[in-house]
Amino acid sequence: MDFRLLGALEVDGLVGALRRQERALLAILLLRANESVAVSELVDLLWPDGPPADARGSVQVYLSRLRKALPGLTIVGGAAGYVLQVDPELVDVGRFRRLVVAARELQDPVLRGEGLRVALAAWRGEPLADLMPESTRERLRAGLLEEHAAAVEDRVEADLQAGLHERVVDELAELVRTHPQRERLTVGWMTALYRAGRKAEALQAYADLAERLAEEFGLDPAPALRRLHLAILRDDPALQLTAAQRAEGSVPRELPVDISLLVGRDELLADAVRELTREGRERAAVYCLWGGAGVGKSAAGTRIGHLVAGTFPDGQLFARLQDVGGEALPARTLLGRMLRSLGLKPTQVPSTVAEREQAFRDLTADRAVLVVLDDALDPVTVRSLLPAGPRCAAIVTSRKPLPDLTEAVHQQVTPLDSETSRALLNRLIGRTLREQPTLDTVADACVGLPLALRIVGSRLALSGDGGLQSIAGALADDEQRLDSMVAGDLAVRTSLGRTLSLVDPQARQLLERLSLVGVTEFSSWVAAPLLDCDEATGDATFERLVDLGLVELVTAQQYKMHALVRSYAAEQLAAGGDADGPRLRYVHAVHRLTALAEKHLNHGLTLVEHLLVPDQPVLPDIEAAVVAAPIEWFDGSWPLVGAAARAALASGQVELAAVVGLHLNPYFVARDLREPRIELLQPICDELRQTGPLELYARTQRALHAANDLTGEALASEGEEMLELATRAGAVDLQVSALITIGLGARLVGDVDRDLASCTKALSLLDQAGGMTGLRATVLRNLAVIYSETEEHTTAERYAIEAISLAAPGSMAEAMNGVILGEIQLELGKLDEARQVLSRSAEIFEAGSADAYLAMTRCLLARIAAQRGERKVARWLLDQAAERYREHPAHGLGLHVKLAEIVLALEIGDREAAGKIRHELTEEATAQGEVQVLKFLARVFGEAPPPR
C-alpha cells in the first residue's frame, strides 16, 4: 500500500471511500508515522474550533472505519494514544526525506543536484490540500514546507557549484518572487545572474528586493546579501567558479531533464537499475527499451539514466538517433559529437567512421561512462555507439525490437493500465475537476499512452472543467480525435507518423486498411481479404505491425488496435484513396464466414435458409475453425460482423448489409442480444423500406419483431403489414412467419380464436408449398401453446411432440419445442416426463451458450423440483436463473423467475412471500395484458380464473 501526502492525500486510489474527518485522521497519523499521537492532540487537530461532546468516541469510530476501508493498515494503541505502524518507504514523506539525506552526502555537485531533484519530484502540490481547516493544515505542514524549501535551496547551491547558473537563473527569479524572505534563494539568484554576465540585472534584483522588504516587512536585506551586493559592485574574483569547479563542469552531463511524473514503471525501473549497476561485469551493460508510439520509452530511459548516473562519474552522454523529421542520423556524425563531449578537440576527431569507432572505444575502455541512445532505428548504428569498458553502460530506446543486439537486455514498454492512466491524468491537471466520470472517460480514451495523457493533462490544467466536455467530445469523434491530441510541440499524429515510416509498404497498407474493420479487436484472418493475400502472408504482416507497437497481440492470432492508431490509419487511407476494393473483399469474406457459422450453428431458424453462401474468398484455416466451433467464433467475432454490415450499408451496399445482418441474427437470438440486434438491423431495415428489395425488407423486419418488446396489438399490426409485404413478394415462408407473428400478438391480448386461425392458415400454406419443416415445427409449437392455454393439454402435448420430431436433433428449435412440451407436461402433472424433456432442452441451450433460454428452462425445472419436495435443488436452479436475470433483465425471463419463486414459496408454506410476488406480478401482467399469467396465478392460489 502506497501513501502519498505531498499533495492531495492518496492511498492507492482508496481514499475516495473515506469521509473528510477520516481522511484528516489518516493524514495526521501518517505525518507522525511510527510515533504515538495522544488522543487529546488528535481531538485538538480534528476539531480546532471546539470538539463535539463525544470527541474521543468519534475518534474511535473513525479509526474503526479506517481499518475496515484499508485492511492493510496497522494502527495500535488505546486511551493514551495511537500509532500508525508503517514502513517509511511506503509513505512519500519518508521517501522524500531518505532521498534528501542521500543526495546531501554526495560530493559531486552535479550528482547532488540531480539527487535532490529526484527527491523534490515526490511533491505533487500543496500538502494536505482541501483536507482540513487552514489553521490545522498550517500546524501540520509547517515543518514539511521548511524541509521542502531547504531541499530546494540545497539543490540550487549544488547547481551553482556545478556551473549550471544558466540553467537555474530563470527558475530562481520566480522562486525569489514567491519567497522574498528566503535569503539563500536571493543569494543564489544574484550569483547566477552575475556568472551569466548579467551584472546589471543582479544589482537591480538587489535593489528591487531591498525596496520590497522595506515596504512589505520593514526590513533591510540580510548581511550576507549586502556583502554579495558589494562583491558584485567590485567584480570580486571570488564570485567566479573555482578551477576545480570548472574542471568538474568539463565532465559531460548530457542527460535531458528528468520528467516530473513517471508512473506505472516501478518494476521496469528497478530491473534496469539492477542490470546497469551490477558489479563484476566483463563488458558494458546494455539495456534496450522498445515500444509503440507515445508509450513513454524516452521518459523511462531518461529516468533510468538519472537513477544510475552516480555509478558513472566519468560522464553521461546522450544522443537522439533521428532528426526532427524522423530521418536517421549517420553514426559518423553521432560519434563526432560524442568524442568532442569526451574531451577531444575538433581537430583531434578522426575522419572515417571506423577510426571514430576505435577512438570512442579507446576513450571509454577505462572509464565509467553512461551512454543513452534515444529512438534507435537499427542495431548496426547502435553497436557503433556502444562504449567499450566493463564499467560503462548504455540505455537504448527504440520503436521496434532490436533482437540483433544479443548483448542487451530487452524490455518492452507497454501502455499504462486504466487505473494508472486515470491517476496520472488527475496529477497532471493538478486540481480536482467536478465531472470525474467524464474525466475518467477521457483518460481511457488516451489508451494508456503517456504522451496522449500529457497532452490532455496540459490542456485541462489550463482550461479546467470548462474544456473537459470539448476534449471528451473530440476524443469520441474519429475525425477530431487526433486534432485534439496536440499541445505545443507534442502531437500524437507526429509520433505515429514517425513510427509508420519504419514499416514496409505491405505492412503500411495493412495498417491503413485495418481502419475499415471498424472494431478495436480482430483476428489475423482479416489481413488476407484486406491485402488480397493468403492467410500466412497476412499473419506475417501483422507480426511486423506488432513489433512496432502499432497493433497489439491480445491472444494467439487475436489483435487489438487502439482508437488513436485507428484514426491515424483512417486518415492515411483516405489520403491514398484506395478503399473500395479492399472494403468489398473484406465484407464478402465476413459474409462467407458468417454464413458458414450460421449454417453450422444448428439453430433450426429459417430466415436466411434460401440465401447462398458466397464462394469467394476462400480462407481455409479460419473456415475450418468456424465450421468446427461456430458459437465460439460468433462469440469473438459478432462485433466485427456487425461493423462489416454497417460498413456495407454506409457504402451503399444495402442488400449485402442486410444479408450479413440476417446471417448474424440467429446468434443474437441464441444469446438474447436484443440491443445489438436492433442497433444493427433497424438502420438496414429503414433503408430497405425505401429502396427494397421487398423480400429482403420483409425478412429484416421479421427479424426485428422478435427483438422489440411490442405489445400484443402492436405485434399483430406488424404481422399484418409483414403478411402484405410477403404476399406481394410471393415468399411463402415469410407469409407463414407473418401469420405466426399475428398469432403471437393475438395471444398476448388473449384473443385465442385469432391466434388459432392464424396458425391454421399457416399450416394450410405449408401444406400447399411442401417442405419447410422448420417453419412447420414452429407452427405446431404455437398450436401446442394455444391448446395449452385453453387447457386442452392432451391435444397440446400431441402438437408439441410432433413439433419436436420435425426439429433438427440438437438444434435450438428442438430445445425451444422441448420447453413448450415440458411446460405442458408440467400442467398435466407428468413431472418425470417434463423433467426429462426439459433437461434435454437445458443441455442444448447450455451447449449453445443460449443463456437466456437456459435460465427460463431452469425456472421450469425449479418448479418441478419444488413440487417434488426437492427444495435445495429448486433453490439452486432458481438462483442460477435469477442471477442471469439480474445481469440481463428481460421481461419474459423475469416472469419465469417470479412464477417459479411463487411455486417454491407455496411449497415451503411461505404464503406471505408468495403473495408479495403475486401482487407485483399481477400489476405487471395486467399492464401488459398477459391473461395467461393471471390464469396461472389464480390456479396456483386456488382461485377462479379471470374471465377471457
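A crossing is called left-handed if the near helix is turned anticlockwise from the far one by less than a right angle, and right-handed if clockwise. The model is predicted, with local features requiring pLDDT of at least 70 and side-chain atom pairs pLDDT 80 or more, while totals for chains, interfaces and linings use all residues. Residues are numbered from 1 along each chain as its sequence is written, and side-chain values use heavy atoms, with hydrogens and water left out.

Helices are DSSP runs (H or I, at least four residues), numbered from the N terminus. The axes, which are lines fitted to C-alpha atoms over the stretch in contact, with angles running from 0 to 180 degrees between N-to-C directions, come within 10 Å for helix 35 (residues 773–789) and helix 37 (residues 812–827) and cross at roughly 15 degrees. Helix 35 is therefore roughly parallel to helix 37 (angles under 35 degrees count as roughly parallel, over 145 as roughly antiparallel, 65 to 115 as roughly perpendicular and the rest as oblique), and their crossing is left-handed. In this contact (heavy atoms within 4.5 Å), Ala-777, Arg-781, Ala-784, Val-785 and Ser-788 of helix 35 meet Ala-813, Met-816, Asn-817, Ile-820 and Ile-824 of helix 37.

Turning to another pair, the axes of helix 1 (residues 20–31) and helix 2 (residues 39–46) come within 11 Å and cross at roughly 130 degrees, so the two helices are oblique to each other, and their crossing is right-handed. Gln-21, Ala-24, Leu-25, Ile-28 and Leu-29 in helix 1 meet Leu-42, Leu-45 and Leu-46 in helix 2.
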